[in-house]
Amino acid sequence: MIKIKNNERTNIKRKIDEMNGLEFENYLHYVFLNLGYKVESTPYSVDFGADLIITKDNIKTVVQAKRHNNPVGVSGIQEILGAKGYYDANEALVVTNNRFTANARKLAKKNNVKLWDRGILFQYIITEEELNILKRKEKNS
């Protein structure tokens with residue numbers, strides 16, 4: 001893993017906040033590859049509530065990517081719950097660059113949906129250099 005300087009970390013956070021939804025999904029694709037997951041992207045428009053399907057150690061997880069300017073509400077949790085059933089997944093995860101409302105956290109907890117808010121997401125920041133390496137590796141595999 002490449003060591004990230006504080007000013008570079010700040011720039012990457014800003015870039016994430018400026019991404020559109022599809023760019024955020026693509027970025028997460030590489031974050032999960034970097035974490036050792038097999039990653040499959042779902043169709044952009046008809047995804048049945050999941051943007052990514054990640055697998056590691058025979059555990060299939062559906063991921064909903066929410067690049068938002070406001071906190072993610074209950075609908076984000078409801079969407080991923082539908083996707084969990086549709087894709088026969090073991091786990092469900094919602095990732096945002098923001099935070100979750102209290103009701104969203106409550107619904108997620110009751111249904112065992114994992115949540116990555118801004119704080120957790122930014123623990124897994126990847127640099128442009130790492131991103132390019134991952135893209136080349138994926139292309140060559």
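1. A salt bridge here is a side-chain nitrogen of Lys or Arg within 4 Å of a carboxyl oxygen of Asp or Glu. Glu79 and Lys66 form one, at 3.0 Å from N to O. Glu79 sits in helix α3 and Lys66 in strand β3, 13 residues apart. Helices (H or I, at least four residues) and strands (E, at least two) are DSSP runs, numbered from the N terminus.

2. On provenance: this is a predicted model, where local features need pLDDT of at least 70, side-chain atom pairs count only at pLDDT 80 or more, and totals for chains, interfaces and linings use all residues. Residues are numbered from 1 along each chain as its sequence is written, and side-chain values use heavy atoms, with hydrogens and water left out.

3. Lys66 is buried at 13% relative accessibility. Glu79 is partly exposed at 32%. The cut-offs are under 20% relative accessible area for buried, over 50% for exposed, and partly exposed in between (1.4 Å probe, protein chains only).

4. The structure holds four salt bridges. Among them is Asp17 with Arg118, the closest N and O atoms being 2.6 Å apart. Asp17 lies in helix α1 and Arg118 in helix α5 (residues 118-121), so this pair ties together parts 101 residues apart in sequence. Another is Lys114 with Glu91, at 3.0 Å from N to O. Lys114 is in strand β5 and Glu91 in strand β4, so that pair ties together parts 23 residues apart in sequence.

5. Helix α3 (residues 74-86) has 13 residues and reaches 19 Å from its first C-alpha to its last. The expected span is 18 Å, from 1.5 Å times one less than the number of residues. Gly76, Ile77, Ile80 and Ala83 are buried in α3. Seen down the axis, they fall within an arc of 125 degrees, so they line one face of the helix. The arc is taken from the directions from the helix axis to the C-beta atoms.

6. The largest nonpolar core has 23 residues. Such a core is a set of buried Ala, Val, Leu, Ile, Met, Phe, Trp, Tyr and Cys residues joined through side-chain atoms within 4.5 Å. Helix α2 gives the most to this core, six residues. A second, separate core of 15 residues includes Ile77, Ala83, Ala108 and Val113.

7. His29 is found in helix α2. His29 is buried, at 9% relative accessible area. Beyond its neighbours within four places in sequence, His29 is in contact (heavy atoms within 4.5 Å) with Val39, Ser41, Leu52 and Glu138.
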